[in-house]
Amino acid sequence: MFTLSNKWTNILSSELNKDYYINLMSFVKEEYSNKTIFPEKELVFNAFDKCDFDDIKVVILGQDPYHTPGAAHGLAFSVPDGEKIPPSLRNIFKEINEDLNKEIPTSGNLEEWAKQGVFMINATLTVEAHKAGSHQKKGWEQFTDAVIKKIADERENIVFLLWGAYAQKKANLIDENKHCILKSVHPSPLSAYRGFFGCKHFSKTNEYLESKNIKSINW
């Protein structure tokens, strides 16, 4: 359980051998043994499974997995087919509709984005049921920061979508001379009207990718 694909394991090997990561894995295994934790064990690294390092075109950073049953499946903002679309994701779809005139989907499953090179990673990859933020500051953030930095250092021409103050702090891990960083407020209903709506991040992402002769994303 909790295993990364061989490709990602090779890329992150130095990180996986650090004490903090070994301690984090012990903590997470213990939590799964004794409590209800989301997502399901086999989906903890779903963002990595669905998008290889060399295929990444866009990085979307979330904060915490959904903490209600059935919602989290290891991709930031995404929910499995059949689950109610959460408010922030509904606002993402609204902005895509306004920006690109695309129909609002009936499913909140974003796996099709992942298959096109959109890496949707939460800063914390696990959470206890009904306890938002319960696995923060246990080591996940150190790991996911290392992942973001690895992508930023070893790839180029990636679009990083940093929504909200928390995600925007990660900009210091990214060389903006090599990549495109797009920032706005979070798509949450609490803040979306203060600048997420109208940010046009989806058309801007595609314009940037096309300017680098990279195939754009079908949002």
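1. C180 has a relative accessibility of 13% and therefore counts as buried, the cut-off being under 20%. This is read from a predicted model.

2. The sulfur of C180 has its closest cysteine sulfur in C199, at 12 Å, which is too far for a bond. A disulfide would need the two sulfur atoms within 2.5 Å. C199 is likewise in no disulfide, since the nearest cysteine sulfur to it, that of C180, is 12 Å away. The disulfide count comes to 0.

3. C199 has 8% relative accessibility, so this cysteine is also classed as buried. Across the protein chain, buried residues account for 52% of the 219 residues.

4. On overall dimensions, the radius of gyration of the protein chain is 17 Å, which agrees with the value near 17 Å for a compact globule of 219 residues. Along the principal axes, the C-alpha atoms fill a box of roughly 45 × 35 × 25 Å.

5. The secondary structure of the protein chain consists of 9 helices and 6 strands. Taking contacts between residues at least 6 apart in sequence, 65% join residues at least 24 apart.

6. The accessible surface of the protein chain is about 10600 Å². Carbon and sulfur atoms contribute 45% of that surface.

7. As to charge, the protein chain carries 27 positive and 29 negative side chains. The centres of these two sets lie 3 Å apart.

Terms used: Residues are numbered from 1 along each chain as its sequence is written. This is a predicted model: local features need pLDDT of at least 70, side-chain atom pairs count only at pLDDT 80 or more; totals for chains, interfaces and linings use all residues. Side-chain values use heavy atoms; hydrogens and water are left out. Helices (H or I, at least four residues) and strands (E, at least two) are DSSP runs, numbered from the N terminus. The radius of gyration is taken over C-alpha atoms; the globule rule is 2.2 Å times the number of residues to the power 0.38. Buried means under 20% relative accessible area, exposed over 50%, partly exposed in between (1.4 Å probe, protein chains only). Contact means heavy atoms within 4.5 Å. Accessible areas come from the Shrake-Rupley method with a 1.4 Å probe; for residues, only the protein chains shown count as cover. Lys and Arg count as positive and Asp and Glu as negative; His and the chain ends are not counted. The place of a charge is taken as NZ of Lys, CZ of Arg, CG of Asp or CD of Glu.
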